[in-house]
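Dear colleague,

I am passing on the structure we discussed, and I would be glad if you could look through it with the notes below at hand.

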Amino acid sequence: MSAITRDEVAHLARLSRLALGDDELDHLAAQLDQIISAVARVQEVAAQDIPPTSHALPLTNVYRADEVRPSLPPDRALAAAPAAQDDRFRVPRILDEEA
Amino acid sequence: MSELVKKGAAELGELIAAGETSAAEVAQAHLDRIAAVDGRVNAFLHVDAETVLAQARKVDERRAAGEELGPLAGVPIAHKDVFTTTDMPTTAGSKILEGWRPPYDATITARLRAAGLVILGKTNMDEFAMGSSTENSAYGVSRNPWDLGRVPGGSSGGSSAAVAAYEAPLSTGTDTGGSIRQPAAVTGIVGVKPTYGGSSRYGVIAFASSLDTPGPFARNVLDAALLHEAFSGHDRMDSTSVDAPVPPVVEGARRADVQGMRVGVVKEFAGDGYQPGVTARFAEAVETLESLGAKVVEVSCPNFVHALPAYYLIAPSEASSNLARFDAMRYGLRVGDDGTRSAEEVMALTRAQGFGPEVKRRIMLGTYALSSGYYDAYYGKAQQVRTLIKRDFENAFEQVDVLVSPTTPTTAFPIGERADDPIAMYLADLCTIPANLTGNAAISVPCGLADGLPVGLQIMAPVLGDDRVYRVGAAVERALEDRWGGPLLARAPELVEAK
């Protein structure tokens, strides 16, 4: 049995915002199936009641002083923008057109 | 080849300080070497001679003006293309960032400049640091100077190739699962993964934020220590930066003795899958440590065998989140914005075109591991394994001062051999991953040749015990070079220079 179906892979591509073609989905479905089967070995490790570690260092709530400091001027922040207008990033439409 | 490019960083720094040569002359010698060999090695993605010489002249002027400069002032360095640089493009090996000029310098870039290091250019890497060979770069593969048909390791393979090919005495890398130690091992040089948080991630294009660790490459242990010291230390711009003094790494490298130290051999990192020549060179390195007065014992770290699968859940999970920032809106590539498509459509088209196959695989794998219904079975479980590996290290370091293993199970593999077999590729990082999951310091130093190709010895120390890996690494280096009559790299074939 495969660990992951092609439909699931297509769904993951949508979630990941990757517009993949059919060939690429076929190829990835086979590879992901292999990789997931390999990494699924972690499930065999007896780890009941073991707390999770999310980070190498035991740091919590690192604060720094709330000081006003210089930030990037708009022209530098926008210098690499694919499109800019009026000191802002110009983006494609984000809402459907009104009916 | 100019004699200047054969010299190490410490020696070059001394010669420049003594006025026997200048930063500009040293920079020119390295530019000439790059021009002569990089057409075949392909270590660099970007070199601009004018920018390099301007930096070098500025160092010479600072010195002439009487400024107090550090030991590496005027020494050239190759900089991995994952660190932002305002005066050079930064691509992370990806088409999605082709030609991008970052608006600010990474903290490490700024510290290199402050220390007077001369940045020769940006080095090739697996796209977004995902890979072990540079074959995942969008800009072609880098080649191993020992055998141009083989990979130089990865992801920091441009940086390892540059140093091994005498194009630079030093380079920077980042190590998320072995991306400094593995390329160092397979090219016969020194590479260090510092303690996590010991080197700043600010301005380092993120792959897996809880694992990413910048570190140095050099041709000897002392040079690596000098670079480590030059760019490390607390950074208020990185909230996971350790607010503690930099461990005395240069002192450790100079001390270079292991008398009375307890060295643990990781029992689990041997056997099937390990090339016989790698096993033999490793055993000799352990004997060398013993002959130098170290007390060697075997140590079991039973959960280390689970590190690889846990890593391939944790790292892709973090990557899928980190790489969401490449959304075609603020910088980088934008595809298909024809006035009719929505932002979401443009985003999906751009990402499909801008990312290569391995990056897509990992984003999808991470999205899967984090998705509802699978989270506990995969990501949650991997985090528990991470705890078990941490406990293995803690138990081991109650018995020994450092742990040792081969850095990689095999020597450099031929280009193309593992390119379309992700699982075979992932095995290159089998021995290096545990230290990433727990944040420990680790080094790879050359320990000989197997079938004519370099083998690396990995030395691991507790968190913030970075000085120990330098101390032990330098001791092994000294003893082995005495035996070999010179550095391992002196045995690499000469690269014929283009006229």
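Predicted model: local features only at pLDDT ≥ 70, side-chain atom pairs only at ≥ 80, totals over all residues.

To begin with the contact as a whole, 45 residues of chain A are in contact with 55 residues of chain B. On the side of chain B that touches chain A, at least two residues each are supplied by α10 (307–322), α11 (343–354), α12, α13 (376–399) and α14 (422–426) of chain B, and the largest share, eleven residues, comes from α13(B). Sorted by class, that side of chain B consists of 28 nonpolar, 14 polar and 13 charged residues.

Between the chains, one helix pair can be described in detail. Helix α2 of chain A, residues 22–39, packs with helix α12 of chain B, residues 357–370, at an angle of about 55 degrees, and their axes are 11 Å apart. Because angles from 65 to 115 degrees count as roughly perpendicular and those under 35 as roughly parallel, that angle makes α2(A) oblique to α12(B). The crossing in which α2(A) passes α12(B) is right-handed. From α2(A), the residues A:L28, A:Q31, A:L32, A:I35 and A:I36 meet B:K360, B:R361, B:M364, B:L365 and B:Y368 of α12(B), and the residues of this contact divide into seven nonpolar, one polar and two charged.

The backbone also has some points to check by eye. As a general rule, most residues other than glycine have a negative phi, and most peptide bonds are trans. A:D49, which lies in the loop between α2 and α3 (74–78) of chain A, has a positive phi of about 70 degrees although it is not a glycine. B:T134, which is placed in the loop between β3 and α5 of chain B, likewise has a positive phi of about 70 degrees without being a glycine.

Are these two residues, A:D49 and B:T134, buried or exposed? A:D49 counts as exposed, because it has 6 C-beta neighbours inside 10 Å, where 12 or fewer is the cut-off for that class. B:T134, by contrast, is buried, with 33 other C-beta atoms within 10 Å.

Finally, the peptide bond from B:G154 to B:S155 is cis, with omega near 5 degrees, and B:S155 is found in the loop between β3 (118–123) and α5 (157–164) of chain B.

With best regards

Terms used:
Residues numbered from 1 in each chain as written. Chains lettered and ligands numbered in written order. Axes fitted to C-alpha atoms, helices over the stretch in contact; angles between N-to-C directions. Helix = DSSP H or I, 4+ residues; strand = E, 2+ residues; numbered from the N terminus. Parallel < 35°, antiparallel > 145°, perpendicular 65-115°, else oblique. Left-handed = near helix turned anticlockwise from the far one by under 90°. Contact = placed C-beta atoms within 7 Å. Nonpolar A, V, L, I, M, F, W, Y, C, P; charged D, E, K, R; others polar. Buried ≥ 20, exposed ≤ 12 C-beta atoms within 10 Å, placed from the backbone.
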